[in-house]
Amino acid sequence: MDEIIRLMTEQLRDAYSAEKQALRAMPRMMKKASAQSLKDALQMHVEQTEGQVERLEKALELVGGKLGRKVCEGMRGIIEEGQSELEDYEKGPLLDTLIVAAQQRIEHYEIASYGTMAALAKVVGQQEVAKLLAETLQEERQTDEKLTQLAESELNPAAIKGAQSDEPANDRRSKRGAAA
Ligand SMILES: [Fe+2]
């Protein structure tokens, strides 16, 4: 049992680091977003994430663990890759779809981690911890779903329209490849 609690503590610390990193990344994406609906969705999730950080602090306390200085390398990679992709594009519909993709990768990573942790918490009889994690899991799933809906109903059609118009596309991949 102690082994599982130790493992859970590590997982919770990892998730804590992941959420903190996501909290820093989301405002940067919001600045690059054009569609108000996307900005609003990101802003709403920033607020949710602040609550999720608090739940993790509570969960760690409940299992008797401390915060520590663990860095979630998985989230670091996901964020870094997402940010560097966004740099290649100017503001506009295409960039908005990329922001959704970057944010959804973050959500999927979080969904996997909260799902595992909630299941472990149940197994070791940490019902309150399981409840906290399940609440966050639900929010992550809702955010993911919301982003899918936003992309399908508004952002993807706008990106396609932009790509088909005579206007110069807002794609600046040239920075890397067009000279060739
Ligand atoms: Fe999230």
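Buried means under 20% relative accessible area, exposed over 50%, and partly exposed in between (1.4 Å probe, protein chains only). The model is predicted: local features need pLDDT of at least 70, side-chain atom pairs count only at pLDDT 80 or more, and totals for chains, interfaces and linings use all residues. Residues are numbered from 1 along each chain as its sequence is written, and side-chain values use heavy atoms, with hydrogens and water left out.

**View A. Protein donors of the iron ion.** His45 (NE2), Glu107 (OE), Glu110 (OE) and Glu140 (OE) lie 2.0 to 2.4 Å from the iron ion. Donors are N, O and S atoms within 2.8 Å of the metal (3.2 Å for Na, K and Ca); water is not among the atoms, so sites may look incomplete. The four donor atoms subtend angles of 73 to 168 degrees, which makes the arrangement irregular.

View B. The spacing of the donor residues in sequence is H-x61-E-x2-E-x29-E. His45 belongs to helix 2 (residues 36-62) and Glu140 to helix 5 (residues 127-164), so the pair ties together parts 95 residues apart in sequence. Helices are DSSP runs (H or I, at least four residues), numbered from the N terminus. His45 is buried at a relative accessible area of 2%, and Glu140 is buried at 0%.

**View C. Buried residues of helix 3.** Met75, Ile79, Gly82, Gln83 and Leu86 are buried in helix 3.

How values were computed:
Four donors count as tetrahedral if all angles lie between 85 and 135 degrees; four count as square planar and six as octahedral if opposite donors are over 155 degrees apart and all others between 65 and 115; anything else is irregular. Helices (H or I, at least four residues) and strands (E, at least two) are DSSP runs, numbered from the N terminus.
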